[in-house]
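My entries follow in the order I made them.

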Amino acid sequence: MKVPELLAPAGDLIRMKYAFAYGADAVYAGQPAFSLRARENGFKNLDDLAQGIAYAHEQGKKFYLTSNVIPRNVKVESFQKALLAALELKPDALIVADPGFVGWLRKTSPETEVHLSVQANTTNYLAAQFWRDLGVRRIILSRELRLSEILEIKERNPDLELEVFVHGAVCMAMSGRCMLSNWVTHRDANQGACDNSCRMPYRLYANEGPQCEDYREHEGNFSLQRTDRPELPPVALDEDTWGTYFMSSRDLCALDVIPELVQGGLDSFKIEGRTRSVYYLSQVVRAYRMAIDACACALEAGSPCSVDLVPGESRRAISFVDGRGFMPGFLRGPLPQNYESTHVAAEGGCVCAQVLDYESTTGAYRVNVKNPFTMDDSLELMTPAGMQPCEVTGMVDFRGAAADRLNPGTEGRIFVQEDVLQNTEMAKFGFIVKKNTANL
């Protein structure tokens with residue numbers, strides 16, 4: 001059987017390398033100025049893209065170029081020129097949203113593999129057939145679909161590649177076609193300048209003056225209540241005074257749905273997060289790599305896929321990253337949004353440091369410290385080969401002095417027992433992780 005592709009975000013060259021190291025089969029990266037993460041894109045020019053594409057192909061992996069702005073007239077010609085220049089670099093596919101550009105690409109560069117962006121909001125099998133007949137090789141399905149709908153689209157279009165989001169932030173809009181950022185900060189999300197307005201906390205203000213000029217925060221306990229549905233619980237302001245995240249949802253986590261997606265023959269599982277940290281990316285890619293492989297092995301052996309096949313280590317990896325709290329999205333049906341929970345700390349533990357280098361002459365790891373830790377903490381070394389206990393035998397701070405604690409924002413060196421150092425090639429993509437002993 002064909003093992004589904006694990007597709008990871010690449011916000012820049014460094015994130016791309018970590019994604020591949022931890023098991024991604026392919027990455028998607030933004031085209032400079034013409035992707036929906038243009039404002040935060042680490043691929044600034046064609047040279048960056050050329051390096052990324054060359055590295056991916058050296059690793060036997062794929063590099064998809066996200067070119068999914070919804071252009072206005074003034075951008076059409078410059079977008080066309082940019083696409084033609086990017087195609088010279090031989091990305092494995094272009095991810096496009098605008099139907100006019102899909103048609104133009106099919107005429108101008110028929111050999112180019114085109115993937116239809118989630119921004120095109122494909123929600124049914126007839127739409128999928130329409131795009132297939134136009135020459136689209138793969139469709140990234142709308143996030144609003146339930147599992148049964150996804151499986152039906154695949155059943156009716158067995159020769160069309162289908163890609164689904166399985167993890168990450170979810171837009172409070174029709175698969176991302178959001179105008180909130182444009183209203184709030186005049187940054188148009190559909191032109192690549194989203195400022196994540198929906199992910200911010202908000203507080204309730206009331207007008208005090210007849211001219212609508214003097215706004216003052218209410219005193220006391222107030223909440224947002226839907227007047228048309230009084231039976232629904234009110235959306236209360238959070239106790240931490242940061243406000244309420246009533247315009248953003250919990251994060252998507254589809255680990256429990258992976259067995260059914262694998263058995264249903266879906267082609268690519270996509271992780272959101274081109275602006276997330278390399279640690280977050282590494283843990284999440286690792287989690288889904290293990291889950292996909294376990295399910296694929298079961299199917300190959302003739303065994304049915306079930307949720308029991310998802311490894312405990314996959315769930316543990318997810319427990320080591322912060323989030324808004326997780327949900328299976330619409331895959332299991334519409335769920336309440338994230339009104340109550342603003343921030344859920346990683347219950348398994350946290351990253352202490354990112355490994356920068358292994359010094360064979362001294363036997364030390366040079367690390368960039370992310371969170372404070374001491375020699376007495378319960379630590380693990382996380383590498384693409386797995387996680388293993390990491391007993392620190394010595395520390396040196398950024399000044400070169402012996403230390404028993406390293407602080408965030410600094411570099412340091414740590415010495416560990418020898419059996420952790422068996423694979424220094426893997427260790428260069430490593431992290432020092434502090435376990436939450438209260439949850440052990």
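Are α1 and α2 roughly parallel or roughly perpendicular to each other? Before answering I noted the ground rules. This is a predicted model, in which local features need pLDDT of at least 70 and side-chain atom pairs count only at pLDDT 80 or more, while totals for chains, interfaces and linings use all residues. Residues are numbered from 1 along each chain as its sequence is written, and side-chain values use heavy atoms, with hydrogens and water left out.

**Entry 1: α1 and α2**

I looked up helix α1 (residues 13-21) and helix α2 (residues 46-58), which pack at about 10° with their axes 10 Å apart. They are therefore roughly parallel to each other. The classes are: under 35 degrees roughly parallel, over 145 roughly antiparallel, 65 to 115 roughly perpendicular, and the rest oblique. The axes are lines fitted to C-alpha atoms, for helices over the stretch in contact, and the angles run from 0 to 180 degrees between N-to-C directions. Helices (H or I, at least four residues) and strands (E, at least two) are DSSP runs, numbered from the N terminus.

I then listed the contact, meaning heavy atoms within 4.5 Å. From α1 it takes L13, M16, K17 and F20, and from α2 it takes D48, Q51, G52, Y55 and A56. These residues divide into five nonpolar, two polar and two charged. In this count Ala, Val, Leu, Ile, Met, Phe, Trp, Tyr, Cys and Pro are nonpolar, Asp, Glu, Lys and Arg are charged, and the others, Gly among them, are polar.

**Entry 2: α3 and α4**

I looked up helix α3 (residues 73-87) and helix α4 (residues 99-108) next; the angle is about 45° and the axes are 12 Å apart. That makes α3 oblique to α4. The crossing of α3 and α4 is right-handed, that is, the near helix is turned clockwise from the far one by less than a right angle. On the α3 side I found V76, F79, Q80, L83, L84 and L87, which meet F101, W104, L105 and T108 in α4. The residues of this contact are eight nonpolar, two polar and no charged.

**Entry 3: L94**

I placed L94 in strand β4. At 0% relative accessibility, L94 counts as buried; buried means under 20% relative accessible area, exposed over 50%, and partly exposed in between (1.4 Å probe, protein chains only). Leaving aside neighbours within four places in sequence, L94 is in contact with residues including L83 and L87, both also listed for α3 in its contact with α4. L105 and T112 are also among the contacts of L94.

**Entry 4: two positive phi values**

I checked K90, whose phi is near 65°, a positive value in a residue other than glycine. K90 lies in the loop between α3 and β4 (93-96). Its 59% relative accessibility means K90 counts as exposed.

I also checked N121, which has a positive phi of about 60° and is not a glycine. N121 sits in the loop between β5 (114-116) and α5 (125-133). At 18% relative accessibility, N121 counts as buried. Apart from neighbours within four places in sequence, N121 is in contact with S142, M174, S175 and R177.

**Entry 5: cores**

Which residues touch the most other members of the largest nonpolar core? They are F63 and Y288, in a core of 82 residues. Helix α9 (residues 278-300) gives the most to this core, with 11 residues. A nonpolar core here is a set of buried Ala, Val, Leu, Ile, Met, Phe, Trp, Tyr and Cys residues joined through side-chain atoms within 4.5 Å. Not counting residues up to four places away in sequence, Y288 touches L6, V166, H167, C253, A254, L255, I258, I271 and I318.

**Entry 6: G168**

I found G168 in strand β7 (residues 161-168). G168 counts as buried, at 0% relative accessibility. The C-alpha atoms of G168 and C253 are separated by 6.8 Å, though the residues are 85 apart along the chain.

**Entry 7: whole chain**

I counted 11 helices and 23 strands in the chain. Of its 440 residues, 50% count as buried.
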